[in-house]
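This report looks at one helix and its surroundings. Please have the sequence and the structure in view while reading.

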Amino acid sequence: RRRYAHQPVFLQAVEEMAKSVTPLFEDEVNGEFYKRAFLVMTEPERTISFRVLWQDDRGDMKCNRGWRVEFNSALGPFKGGLRFHPTVTEGVLKFLGFEQVFKNALTGLPMGGAKGGSDFDPKGKSDGEIRRFCEAFMNELVKHIGGNTDIPAGDIGVGEREIGYLFGQYKKLSNDNDGTLTGKPLILGGSLLRPEATGYGAVYMAQIAVEREGGTLKGKRCAVSGSGNVAQYAAKKLIDLGAKVITMSDSNGTLVFKNGMTLEEWNTVVEIKQKKRGRLSSLKLCDQNTEYIANHSPWKLRDLKLDYAFPCATQNEINGTSMDRLIDNGLVGVFEGANLPTTLAGQKHLREKKILYIPGKACNAGGVSVSGFEMSQNAMHLIWTNEEVDAKLKETMQAIYNQIDNVKEGGECTLEEGANRAGFLKVALAMKKLGWIW
Ligand code: NDP
């Protein structure tokens with residue numbers, strides 16, 4: 001704890017995981033081994049840190065910091081996204097890499113966990129600046145990645161455009177076409193349904209969990225935060241299933257759809273976010289159904305009546321006070337599209353009030369699963385149809401739910417604990433068989 005006091009969000013991710021796995025340390029046969037394994041798992045195998053020098057449109061030299069945290073390769077090559085955002089630090093990427101290890105284990109695919117990125121802020125940059133930054137970033141990253149070693153993907157601030165530029169530079173420098181980097185544009189070997197996968201997967205998971213309890217998403221008031229890749233497709237799938245999407249947001253404010261978002265409104269949001277890279281505040285949607293509230297996330301709104309929450313923006317969006325109020329306002333389920341969007345205090349309220357809760361590492365695993373499918377398609381030099389990918393995505397989300405439900409039933413724990421324990425046990429076993437922990 002003292003050693004990493006300067007990385008609070010990493011410590012938070014480890015603490016959340018520790019809450020679920022420490023009961024396993026009491027096991028008479030394997031308890032001591034699990035304890036040692038968990039401690040080893042909190043250290044990344046390797047962290048690469050580097051400077052990124054690039055030129056802006058005025059011809060000035062700019063310097064950013066870049067990292068790749070290769071956390072754990074017991075189950076397969078390192079795999080995880082790249083984040084470009086001014087709040088990125090080594091500690092943030094360590095938290096994301098740590099989560100990724102267990103998430104990838106839950107998918108059942110042979111993938112280790114990693115995360116990378118830069119404190120570069122893509123907002124307000126021209127297309128040329130984005131391209132030059134991506135090329136400069138790849139000039140160093142290329143030395144550490146490859147189709148059988150480390151396969152990066154996108155995350156906040158890194159979408160298809162950035163992956164395209166990164167892949168372009170990777171191909172030039174490596175003279176290789178091994179599909180390294182997933183989330184590629186379709187024409188460059190990307191998978192159909194990859195953009196949709198994380199959001200759709202989170203809603204499939206919600207549907208499975210809600211129906212398991214005898215409920216339905218149909219007609220339910222669902223609050224979504226964010227309006228990026230994950231949020232857009234979570235909202236779309238919720239609308240398709242007949243749920244009422246009552247919010248979407250960005251870092252400047254929240255759009256409230258009093259009676260639920262229509263498909264036309266969804267198209268308008270996607271147009272402004274994907275094509276124009278604009279702000280929700282600039283949308284001309286204000287009619288009886290919609291209201292824009294500046295400087296508030298959905299979780300800070302006092303009178304928001306809701307059934308289910310889908311936090312899909314960033315870490316630590318929902319704190320204890322907000323969670324308490326959301327529960328008072330009718331919240332009965334939380335499905336995390338983002339990584340670690342709920343603070344430790346927020347999670348405590350969920351446990352105490354026995355709210356249906358699926359944490360990010362299980363709920364948002366659809367994205368990396370389809371990235372895994374992209375790797376398979378690249379290796380086989382073929383393209384699966386939309387229907388094939390969607391069917392495999394649904395199957396994967398069901399299989400993840402079954403794993404965590406099995407652990408829950410066997411260990412009399414919550415779904416949150418079931419998810420954390422199932423991922424941990426898989427990685428621990430792989431590390432033992434490799435002779436990496438004994
Ligand atoms: P995007 O960059 O596409 O969108 C991020 C959204 O969150 C934007 O609406 C952004 O608002 C908002 N946001 C970002 N940072 C903040 C902040 N500090 N405060 C408030 N709002 C913020 O990213 P993704 O949709 O890809 O990722 C969202 C989350 O989902 C992240 O936690 C990511 O790690 C996780 N995730 C993503 C996966 C994927 O496949 N993309 C897979 C699994 C998890 P603005 O536009 O104003 O910046």
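## Surroundings of helix 7

The buried residues of helix 7 pack against helix 6 (194-212) and helix 8 (263-275), and also against strand 6 (221-225), strand 7 (244-250) and strand 10 (308-311). The model in which these contacts are found is a predicted one.

The buried residues themselves are Asn 229, Val 230, Ala 231, Gln 232, Tyr 233, Ala 234, Ala 235, Lys 236, Lys 237 and Leu 238. Because 10 of its 12 residues are buried, helix 7 is largely enclosed by the rest of the structure.

## Length and end of the helix

Helix 7 covers residues 229-240, and at 1.5 Å a residue these 12 residues should span 16 Å, which agrees with the 17 Å that separates its end C-alpha atoms. Just after the helix, Gly 242 adopts a positive phi of about 85°.

## Packing against helix 8

Two packed helices are described by the distance between their axes and by the angle between those axes. For helix 7 and helix 8, the axes come within 11 Å and cross at roughly 170°. Since an angle over 145 degrees counts as roughly antiparallel, the two helices, helix 7 and helix 8, are therefore roughly antiparallel to each other. Their crossing is left-handed.

On the side of helix 7, the contact is made by Gln 232, Ala 235, Lys 236 and Ile 239, while helix 8 contributes Leu 263, Trp 266, Val 270 and Lys 273.

How values were computed: Residues numbered from 1 in each chain as written. Predicted model: local features only at pLDDT ≥ 70, side-chain atom pairs only at ≥ 80, totals over all residues. Helix = DSSP H or I, 4+ residues; strand = E, 2+ residues; numbered from the N terminus. Expected span 1.5 Å × (residues − 1). Buried ≥ 20, exposed ≤ 12 C-beta atoms within 10 Å, placed from the backbone. Contact = placed C-beta atoms within 7 Å. Axes fitted to C-alpha atoms, helices over the stretch in contact; angles between N-to-C directions. Parallel < 35°, antiparallel > 145°, perpendicular 65-115°, else oblique. Left-handed = near helix turned anticlockwise from the far one by under 90°.
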